[in-house]
Amino acid sequence: MPLPTEPIGSIPRPEEVIEGLEAYRQGDLSRQALAQIADRALRATIGAFEDTGSPVITDGEQAKPSFLTYPVEGADNIEPGGVEIPFEAGHTRTLPRLTEGPFRYETYAVEYLERAQSYASVPVKQSVISASALSFLYPDDGLDGYPREAFLEDLVDEVETDIRRCLDAGAHAVQMDFTEGRLAVKLDPSKGLLRECVALNNRVLDRFSDEARQRIGVHTCPGGDKDSTHSADVDYAELLPLLFEMNAGRFYMQFASEEDPERVLDIVQQCSHDDQTIFLGVIDVNDPRVESAEDVRETVLRAAKHLPPERLGTTDDCGFSPFGDDRSTARRTAFDKIEARIKGTRRARDALGLE
C-alpha cells in the first residue's frame, strides 16, 4: 500500500492494569489474576484500535511491564541498581543489572503478538527491544566467569530469536526499539558509544535475509516517559548518518516534535538509502493537543518534497506510554491522535495521487 501508516507500540494502560502490575510485584496478586486483567485491557485496546480505522495495529503493550525490560522481568540473575536515565521533567528510570551469566530471555515478544492476533481482524506489528539497549544491563565492572563478549554473543542470539519468532508467527512487521540512539551521543559526544550500538544491532540484523529485513524496522526517538524525553537536546544530525547504517528496511522516526523539520528532512534525504522506507512521526505524543488531519496531511506533503512518496510512511513520534506505570496521557487522547494520523495520511495520499 502506498504511504503506509503504522503505530509505534504502547497505548496508555487502564488503571486496573497499572495497579495490578504493582500488586503483582508486591506479591499481592497472582500471575494468573494479572494475566486476566491484562487480557481485558488487550481486548478493549484492540477494539478501540480497530475503531480508528488503523490498517495495522499493535497490542498496545498492555501486558508489557515496559518496552525495555520485558525480556528479563522475573529473571533470577537480574537485580535493581543499573544504569540511571534522567528525563527532562526531573524524574529518572533506573535499569536493572545482570548479576551472573548466562543471559537468557524470560519472555519473548511473540507471546504478546500471538495473544493480540487471536483478537485482531487486521495485521499486527510487534515491537522488540534492541540488543544495544539490553547491553546496558551488563555491569561496567564485569562479571566473574562471564566476560562481556560472552554476554554479547548470548544477547545477539536472544534478540535474533525474539525477532525471528515474531516474523515466523506472521507479524506484519517487527520494530526494534532503539530509543537509546540520541542518548548514546549524549553520554559519549565522540559517538564511539553510538557506533558500538549500531554495530551490535547489525550483528543481529545481518543474520536475516534481505527479504526478512524489509519487514524489520528501527524506531528512534529521544525517549518518552511522562510527557518528557531524555535526549531531545541532542542534534538529530549527530544520530541520523549512523542510524541509516543499520541494515533494516524500515525506519520509524520521531519527527513531529522537531523544531527544524526542513533541516531534518534534508539530512534524511542525504543519508538514507533507496531501499529504506521512512515512517515519519506526524503525531507528537508528548503534546496534549490532538493534531488535525490537515496538520498530518501538510507534514506528509512537506516530506514528499524531500523523499519519493513511495519511500514514505507515517507513524507516531513514540509509544504513548512505554513504561507500564505512565499515567500522563489519557487513552482517549491517544486514540484521537491515532485517528487523526490515519485520516491525515489518507488525505495526503489523495493529494499526491497515490492509489
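Helices α2 (31-51) and α12 (residues 331-351) pack at an angle of about 35°, and their axes lie 10 Å apart, in a predicted model. Here axes are lines fitted to C-alpha atoms, for helices over the stretch in contact, and angles run from 0 to 180 degrees between N-to-C directions; helices (H or I, at least four residues) and strands (E, at least two) are DSSP runs, numbered from the N terminus. The crossing of α2 past α12 is right-handed, a term used when the near helix is turned clockwise from the far one by less than a right angle, anticlockwise being left-handed. On the α2 side the contact (heavy atoms within 4.5 Å) is made by A41, A44, T45, A48 and F49, and on the α12 side by R331, F335 and I338. By class, this contact of α2 with α12 has six nonpolar residues, one polar and one charged, where Ala, Val, Leu, Ile, Met, Phe, Trp, Tyr, Cys and Pro count as nonpolar, Asp, Glu, Lys and Arg as charged, and the others, Gly among them, as polar.

Residues are numbered from 1 along each chain as its sequence is written. Local features need pLDDT of at least 70 and side-chain atom pairs count only at pLDDT 80 or more, while totals for chains, interfaces and linings use all residues, and side-chain values use heavy atoms, with hydrogens and water left out.

Helix α12 also packs on α11 (residues 293-303), at an angle of about 50° and with the axes 7 Å apart. That angle makes α11 oblique to α12, since angles under 35 degrees count as roughly parallel, over 145 as roughly antiparallel, 65 to 115 as roughly perpendicular and the rest as oblique. The crossing of α11 and α12 is right-handed. From α11 the contact draws on A293, E294, V296, R297, V300 and L301, and from α12 on A340, R341, K343, G344, T345, R347, A348 and A351. The contact of α11 with α12 is made up of seven nonpolar, two polar and five charged residues.

A further helix pair is formed by α5 (residues 148-168) and α7 (residues 192-205), which pack at an angle of about 50° with their axes 9 Å apart. Because of that angle, α5 is oblique to α7. Their crossing is right-handed. In α5 the residues E149, L152, E153, L155, V156, V159, E160 and I163 meet L200, R203 and V204 of α7, and the residues of this contact divide into seven nonpolar, no polar and four charged.

| Helix pair | Angle | Axis distance |
|---|---|---|
| α2 and α12 | about 35° | 10 Å |
| α11 and α12 | about 50° | 7 Å |
| α5 and α7 | about 50° | 9 Å |

On a 1 Å grid over the protein atoms alone, a pocket is an open set of points with protein on both sides within 12 Å along at least five of seven lines, a cavity is a set where a 1.4 Å probe fits but cannot get out, and lining residues have an atom within 4 Å of a point. Grid points are joined across faces, edges and corners, and a volume is the space filled by probe spheres set on the points.

The largest pocket holds about 590 Å³ of space. It is lined by 24 residues, of which R25, T69, E73, T94 and P96 are the closest to its centre. At least two lining residues come from each of α1 (15-25), β1 (78-79) and β3 (92-94), and the largest share, four residues, is supplied by α1. The lining of the largest pocket comprises 11 nonpolar, six polar and seven charged residues.

There are four cavities of 30 Å³ or more in the structure. The largest cavity has a volume of about 80 Å³, and among its 13 lining residues I8, F67, D177, G319 and P322 lie nearest its centre. Its lining divides into four nonpolar, seven polar and two charged residues. The second largest cavity contains about 60 Å³, and its lining includes C221, P222, Q254, D284 and C318.

Two backbone features lie in loops. G101 and P102 are joined by a cis peptide bond with omega of about 0°, and P102 is located in the loop between β4 (97-98) and α3 (110-117). E61, a residue other than glycine, has a positive phi near 55°, and lies in the loop between α2 and β1.
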